Amino acid sequence: MLLQIVHYNEPILRKKGEKIAAFDSELAQLAEDMVGTMHVAGGIGLAAQQVGRAIQLCVVDLRQAQVDYTWQLDGKKPPKELIMPLALINPAVAAIHEPTTVSDEGCLSFPEIRGDVIRPDRIRVQYRDVQGHPHTLDCTGLLSRCIQHEVDHLNGVLFIDRMDKKTLAELDPALKALKKQTRDARKKAG
Ligand code: ZN
């Protein structure tokens, strides 16, 4: 089932996600629906808040991205086709603070808005899969960046919060227009 992606500045995007305790078929279905929704929208990551749910679940799929990144899952390096799409539940990110990289990011809740964000390159993320099994993933590059962006969503943090003043000033008219569009759409929906 395709889910509706909510746009900035819906309040749900600012809600911290509840920890997930029930690893049941409903959760597996939601993760699957989020992956399908992300694919149709042309994204590489999607967090539960973006489909209107404040819970600790996000999905990531970089199989189509032609860029370099490294990963190690539970101490091994399985092919990316086996690990993706990734569903991360109750993820905790520990960042190795240096080196950092700057790259422009987009977000499915901010259509057509992109801006530079500085982030640590290397992270370790501990999470559970949809069956509830614990994993440790070490990664760099786009995979690390994408996971950091999604885990931020789970904590109510948006990529605009991490942009510098100059970037934000440039994006300001587009952000204001998007806010208004979202507000008008909500009014129309009643
Ligand atoms: Zn996003």
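Visitor: Which element gives the most to the lining of the largest pocket?
Guide: Helix H3 gives the most, with 6 residues. Lining residues have an atom within 4 Å of a pocket point; on a 1 Å grid over the protein atoms alone, a pocket is an open set of points where a 1.4 Å probe fits, with protein on both sides within 12 Å along at least five of seven lines. Helices (H or I, at least four residues) and strands (E, at least two) are DSSP runs, numbered from the N terminus. This is a predicted model, in which local features need pLDDT of at least 70, side-chain atom pairs count only at pLDDT 80 or more, and totals for chains, interfaces and linings use all residues. Residues are numbered from 1 along each chain as its sequence is written, and side-chain values use heavy atoms, with hydrogens and water left out.

Visitor: What is the volume of the largest pocket?
Guide: The volume is about 390 Å³, taken as the space filled by probe spheres set on the points, with grid points joined across faces, edges and corners. The lining comprises 22 residues, and the closest to the pocket centre are Ile44, Glu105, Gly106, Cys107 and Arg114. Strand E4, strand E5 (110–128) and H3 are the elements that give two or more residues to the lining.

Visitor: Now the metal. Which residues coordinate the zinc ion?
Guide: Cys107 (SG), His149 (NE2) and His153 (NE2) do so, at 2.0 to 2.2 Å. Donors are N, O and S atoms within 2.8 Å of the metal (3.2 Å for Na, K and Ca); water is not among the atoms, so sites may look incomplete.

Visitor: How are the donor residues spaced in sequence?
Guide: The spacing is C-x41-H-x3-H. Cys107 in strand E4 (residues 86–107) and His153 in helix H3 (residues 141–154) are 46 residues apart, a pair that links distant parts of the chain.

Visitor: Is Cys107 buried or exposed?
Guide: Cys107 is buried, at a relative accessible area of 11%. His153 also counts as buried, at 1%. Buried means under 20% relative accessible area, exposed over 50%, partly exposed in between (1.4 Å probe, protein chains only).

Visitor: And the chain overall: how many helices and strands?
Guide: There are 4 helices and 6 strands, in the order α-β-β-β-α-β-β-β-α-α from the N terminus. Of the 190 residues in the chain, 47% are buried.
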